[in-house]
Structure formats: C-alpha cells, structure tokens
Amino acid sequence: MQAVILRLYNCEDAAISAKASPGPKFTRDLPESRRQQLIEATARCLARDGLAGTSVRHVAAEAGVSPGLVRHHFEGMQDLIAETYRATGKQIAAILDQALAAAGPSAEARLHAFIETSFKPPLLDADLLAVWLAFWNLTRTDPQIHAIHAKVYAGYRRLLEGMIAELRREHGIAIEARQAALALTALLDGLWLEHCLDPKTFSASEAAAIAHRWIDGLKKGLFE
C-alpha cells in the first residue's frame, strides 16, 4: 500500500523517509517539503485506515513528527484532507498528461492512451480507490471538498471533451463533444470502481477493451 502511494506521488524523499529507521522527531525540512510529507502521510492513512481512522495524531505518527507540527502547517484535519485531494488530483492529471504526450498528436491515439493509463498501476489500485472513496464520502457534506471535487472532475471532462472534439474534426463525424465526454467519464469511473472493488469480476484488460470499443463506436457516429 505504501509503495502505491509513493509511486503515485513519485517522491524520492518520501520513499527514503518511509524506509528510514525512527529518528529525531524534528528536522529542518523546508516548509513545502514538510507539507508534502504530511500530505503523503495523510494519503497512506486514508488508504490503510479510512476516513474514520485518519486523525492529526495518526498522520503525525505516520510522518514521524509531532501533532503540533501538523497543526503548524495545516489548520486542521479538514484542511489537510482537502490539500491531499488537490495533490492527488494533480498527480493523477500529471500521469495522464505524460501518457497523452507520449501518444502523439492524434486525438484517437491520445484517447486510447488515456484509457490504457486509467487501467494500469499506479492509477488502477485498490489503495488509491480507498483514498478516492474518502474524498467522495466528504463531497456531499464538506463545501471545500465539494469545490475541489468539482474542479478536479471538470478538468478531466475538459480534457476528454477537447480530445473528442479533435476526434470529430479528424474523422468528420457528428459528435456532441460535451455529452460524449460526460458519458466516457462515467464509463471509465464505473469500470475503474467496479474492478478495484472486486478484480475477480473482470480483468483490467477487459475494462480497457470495453472503453476502447466505446471510442471505436464514437468514430462511427454511434454517439451523437
């Protein structure tokens, strides 16, 4: 689980910290480095213990610092979870952006790369699901988390809508790009969620194949 979170954040310093033996409680880390360390510790706590088991005390213990230091950098647990949602959303977006850049200029190739990346580690992982479910759980009751959720998903949809609009131009087909992006987002979320909850239901390759076929249908004008 810890390795998954560290891969997602791609943070060498966090990996070193995770493997180090217990040492002094206080160091002279730069404020931003310390904030990142606490965000990563929060993600690990959420993945392992869920929302109910994640507190300032637990995050401090996970990060190897004092609870007072957590409160020095964040207003409280609500603020820390919000920042963890922002950071996790940015890291997922960065992983997807890297895959899209490698796919080249073709909108079709980029859409298929988006799908492939969505159903491979580090994005396809039950521990990431546990973190994401904690965020989703707060979306209905916490206005700050709701706003972050809206921003994160609006970014995903805009990205997909732009690629679908490009696909429309490339193939000269009639597609309502906004609605198609909504449909594809729902399809990917549903497949990702179901597979993470019970991988025995269908394989990751089957999930990706379903989404790839949906894009093939889009090219044929089956979604207008």
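Q: How do the residues lining the largest cavity divide into nonpolar, polar and charged?
A: Twelve are nonpolar, two polar and one charged. Here Ala, Val, Leu, Ile, Met, Phe, Trp, Tyr, Cys and Pro count as nonpolar, Asp, Glu, Lys and Arg as charged, and the others, Gly among them, as polar. This is a predicted model: local features need pLDDT of at least 70, side-chain atom pairs count only at pLDDT 80 or more, and totals for chains, interfaces and linings use all residues. Residues are numbered from 1 along each chain as its sequence is written, and side-chain values use heavy atoms, with hydrogens and water left out.

Q: What counts as a cavity?
A: On a 1 Å grid over the protein atoms alone, a cavity is a set of points where a 1.4 Å probe fits but cannot get out. Lining residues have an atom within 4 Å of a point.

Q: How many cavities of 30 Å³ or more, and what volume has the largest?
A: The count is one cavity of 30 Å³ or more. The largest has a volume of about 290 Å³. Volume is the space filled by probe spheres set on the points, with grid points joined across faces, edges and corners.

Q: Which residues lie nearest its centre?
A: Ile-92, Ser-118, Tyr-153, Tyr-156 and Asp-189, out of 15 lining residues.

Q: Which helix gives the largest share of the lining?
A: Helix 10, with four residues. Helices are DSSP runs (H or I, at least four residues), numbered from the N terminus.

Q: Switching topic. At what angle do helix 6 and helix 7 cross?
A: Roughly 140 degrees, and their axes come within 8 Å. So helix 6 is oblique to helix 7. Axes are lines fitted to C-alpha atoms over the stretch in contact, and angles run from 0 to 180 degrees between N-to-C directions. Angles under 35 degrees count as roughly parallel, over 145 as roughly antiparallel, 65 to 115 as roughly perpendicular and the rest as oblique.

Q: Which residues meet there?
A: From helix 6, Ile-95, Leu-96, Ala-99, Leu-100 and Ala-103. From helix 7, Ala-109, Arg-110, Ala-113, Phe-114, Thr-117 and Ser-118. Contact means heavy atoms within 4.5 Å. The contact has eight nonpolar, two polar and one charged residue.

Q: And what about helix 3 and helix 4?
A: Those axes come within 9 Å and cross at roughly 115 degrees. That makes helix 3 roughly perpendicular to helix 4.

Q: Where is the cis peptide bond?
A: Between Pro-121 and Pro-122, with omega about 5 degrees. Pro-122 sits in the loop between helix 7 and helix 8.

Key. Helix = DSSP H or I, 4+ residues; strand = E, 2+ residues; numbered from the N terminus. 1 Å grid on protein atoms, 1.4 Å probe; cavity = no way out; pocket = protein on both sides within 12 Å on 5 of 7 lines; lining within 4 Å.
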